[in-house]
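Here is a friendly walk through a two-chain model, meant to be read with the structure open beside you. Take the topics in order, or jump to the one you need.

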Amino acid sequence: MNAMINKPIFAAVFSVFALSAAGNAAAQSTSTTAIMNGEVHTAAGDVIKNGDVIIRDGVIVQVAADLIAPTGARVIDASGKVVTPGIFAPLSSIGLEEISLDEEANDAGPNRGGGFPLGAALDAVDAYRRTSTLIAINRAGGVTRALMAPDPGDSLFGGQGAVIDMSGGVDSLTKPRAAQIAMMGSGGASRAGGTRMGAWALMREYLDEARSYAANPNAYIRRNREDRFALSDLKALGAVVSGGQPLIVYINGESDIRNLIRLKTDYNLRVIIAGGSEAWRVAKPLAAADIAVILDPMANLPSQFEDLGATLKNAARLNAAGVKIAFYNPPGFGAHNLRLLTQQAGNAVAEGLPYEAAMAALTINPAEMFGLDRRLGSIELGKVADIVIWDGDPLEVTTVPQVVFINGVRQDMDNRQAALLSRYRDLSRGALPFAYRGGE
Amino acid sequence: MQKLGWMALAVLLVAACAQETDDKGAVDSGAADNGAKAGAVKPQSAAAAAPGVAKSADDAGEKDAKGAVHPPLDPYPSTYESYASGATLITGATILTGAGERIDNGSVLLEGGKISAIGAAGAVDVPAGANTIDAAGKWVTPGVIDIHSHLGDYPSPSTASTSDGNEATAPNTAEVWTEHSVWPQDAGFTRALAGGITSMQVLPGSANLFGGRSVILKNVPSRTVQGMKFPGAPYGLKMACGENPKRVYGDKGGPSTRMGNFSHYRTAWIEASDYKKQWDDYWKAYAKWAENGNAKDNAKDEDAEDAPEAPSRNLKLETLAGVLRGDIRVNMHCYRADEMVQVMDMGKEFGYKVSTFHHAIEAYKVADYLAENGVCAAMWADWWGFKLEAYDAVSENAALVDAQANSCAIIHSDSATGIQRLNQEAAKAMAAGWRIGLEIAPEDAIAWITANPAKAMGVLDQTGTLETGKMGDVVIWNRNPFSVYAKAEQVFIDGALMYDRSDPKRSPRMDFEIGQQGNEHTGGAGQ
């Protein structure tokens, strides 16, 4: 297949997305890039030694071994390098948080104990700060897409997360309202009277009310109802109860997870687990229920009673049972080091997860979770060119990206940390103070 | 507290110190090299080191040969004993000694709990009956040492019941001793063992300007803390700069500013200097009194003067005076470059030395000052941004600190997860150095997690390198430890095999975890 055939297909099928891709690509005008002779991990089942990837107008138009670079293409020699899809971070507060403990610089969620009344209605897009330094720093670490998700405050629900690309551009919003966030397990209990019974009763009540509202908003408002829930929350949950918007649920313990599977069935929801430290104990039912798990593969401590089964084997066992997995930085780490998802994946591999399954967990699986896998997440014909060229095994701790493409556009690797480094690399006294050096 | 609150409730709280909140301590400590001789049970002072310090029933402590009272130096003494081990020869491995050397196809011989020989495989004589481990293709390093841990004082499970790391009731709690908080049943000790950790310093949190004394442990499970205490290790004092103390005490009477922090430190050092002088004066007066023929034998002499009275003990000032005597090492949580330099001047003002700045995010900005002053910097590979004073991180931090002459770079964890993989953290920091042209070999970088923390903690003469006569604290890795795929296969502590990845019987499980459904087929350490 060649680009002439492929491009229109892409444009027709993925028109909304293509607008965004074209927006960025416009900066470089119509362009072709050829990444030649790399070890290409497509995340679509193939590893191509001496593989070539041709990108035109932001889209992957050819992937194979032994191609010839098109005339006029910008050629990048990737010999000895590893080429992968960009890393897709499936859950974090990227774009919402600069400094975790600085009130003004953290919009990740309402303050706990503050009594703020809304939850599900919150929309991450409203607080998105594309100029956050976290974006450029993690982009230089190979992260090209991320779900920017709110943290729950006093509500069971955090609100609606959005998928962004990591270009930091004005058009970097990929998919708004891509998922709703909820807190169950011990975190849910603490928001519902201190008991899991409260959390599940409250969750069901929210879903019932959201259904009732969605079925007939005017009738719902006219009805003389108890004013227990904010209408804006119920309105937002409409996307969840319709089964369209995935509900990401922080949950860890085995019995809670079994409850969640029942909830999914009863309400016909799309559910994704976050945390899941004991998910491996429910692996087969999770696979049968088509529930994916976003986990920290290094979580192996009995931090709470719901984590007694936490083990480094979680990722490998879930994958072996057919559960889709992805990785996230554990709560408490904000969004500052999404660049370490590759290290987490490497540790999962060291504990028995097949290498290509780890690669999928970093790339195509998150794209699937948010319904973006036809456009993103792998190196295949017609897909948007989010691609990283690494100086070695991307899961190895001594490896870093050399080149990052988002929407086919080669990204600036500079960032605030690089500026600080250049300023203080040499500590000898200069003609002027350090404040006059570098950092441009 | 604000945004982090839900995380702590919802899931594990990982960074006990770094992200200090009101109810949870911040991190850090620092070990100071103080120039003190590593090793020996630290004499608390020249006076205390006088021969014949004997136990006494006196509440004030112990009495020396002449009868002068001395506060007890070691009232909760280590009862640690190494476990039985025969002679063990580990041969054919790539050995990183921790002392800057790499030996390909090398051998290490452990006898009587100590390293009795190390060298090229052919050069080490094998005693009869030695258990020989063929380690061809494997790597061997000293046991890994974490200078900054909260295992035991912020243990798993992480509940209000077990949150014992910050005595956040006053900005100066120099009187508390971490060992009185440490829960030896923390499952985190087992996980750390599987990561090759053989010794660690457990610190109070960083809520307070003076957090209290640290304790140095061998990572061998015991019913008691005393059973884990590293024999003869010096004490450390945990102090904290910057944000955490002012956040915690800003609306509780202060300090509420960084200048407030310093005024509290300095006031405390002035009191401690006075207290030290009271005791020094007492010992001097007592010695003089004894020399004048008033002691014991002549006590019946009616002309004899009464013995000088010992000052009252003050636990808080006792610890601070121990710092001023050079016996207790200052471990100071300090992120910002400017604050570190201020603190070093404060040490000069009062005559003490900081051993180590912990969480030294901005150490690279003042690496020259640190090297000149002989102060260690304990760093993460890449944590940053959880608070403003952690904003200016660079991945090259440790490499840049290390590049100075007379430097002392340390990679620390402050995390029950991070402590399991200090090798990976060191690997990231090393590779960041390579990328800016610094030549750092594995045999150099291994010191960041072995010899350098041992030096800072005052135990380098006993562990931290693979040298003859040192404790048999050794890790056998399945491959180069500076890899994400590397695993500690066997961990020896004082010559005894305390962890074997392939043998569940050599994998400790803490009381909390046994008999629980759901983790029955996972080993404690290898979980």
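Chain B contains 11 helices and 19 strands. This is a predicted model, so please read every value below as computed from it. Of the 527 residues in chain B, 59% are buried. Among the contacts in chain B with a separation of 6 or more, 71% are between residues 24 or more positions apart.

**A three-stranded sheet in chain B**

- Three strands of chain B form an open sheet in the order 8-9-11, and the pairing is mixed.
- Strand 8 (144–149) and strand 11 (215–218) of chain B are the edge strands; each has a single partner strand, so one side of each has no neighbour in the sheet.
- On average, neighbouring strands of this sheet are turned by 20° against each other, direction ignored.
- Strand 9 (residues 197–202) of chain B runs antiparallel to strand 11 of chain B, and four bridges join the two.

**A parallel pair in chain A**

- Strand 6 (residues 87–92) of chain A is mostly covered, with six of its six residues buried.
- Strand 6 of chain A is joined by four bridges to strand 7 (residues 143–148) of chain A, and these two strands run parallel.
- For Ser92(A), the bridge partner in strand 7 of chain A is Met148(A).

**Where chain A meets chain B**

- The contact between the chains draws on 58 residues from chain A and 55 residues from chain B.
- On the side of chain A that touches chain B, the elements giving two or more residues are helix 4 (185–189), helix 11 (341–350) and helix 14 (416–424) of chain A.
- Helix 11 of chain A gives the most to this side, with five residues.
- Sorted by class, the side of chain A that touches chain B has 25 nonpolar, 23 polar and 10 charged residues.

**The largest nonpolar core**

- The largest nonpolar core has 273 residues, and those with the most contacts inside it are Val249(A), Ala377(B) and Ile410(B).
- Helix 4 (residues 258–294) of chain B gives the most to this core, with eight residues.
- Domain 1 and domain 2 of chain A both give residues to this core, so the core lies between them.
- Which residues is Ile410(B) in contact with, leaving aside its neighbours within four places in sequence? They include Ile147(B), Thr356(B), Ala377(B), Trp448(B) and Pro453(B).

Terms used: Residues numbered from 1 in each chain as written. Chains lettered and ligands numbered in written order. Predicted model: local features only at pLDDT ≥ 70, side-chain atom pairs only at ≥ 80, totals over all residues. Pairing = 2+ DSSP bridges. Axes fitted to C-alpha atoms, helices over the stretch in contact; angles between N-to-C directions. Contact = placed C-beta atoms within 7 Å. Nonpolar A, V, L, I, M, F, W, Y, C, P; charged D, E, K, R; others polar. Buried ≥ 20, exposed ≤ 12 C-beta atoms within 10 Å, placed from the backbone. Core = buried A, V, L, I, M, F, W, Y, C linked by C-beta atoms within 7 Å. Domains from an automatic or database assignment.
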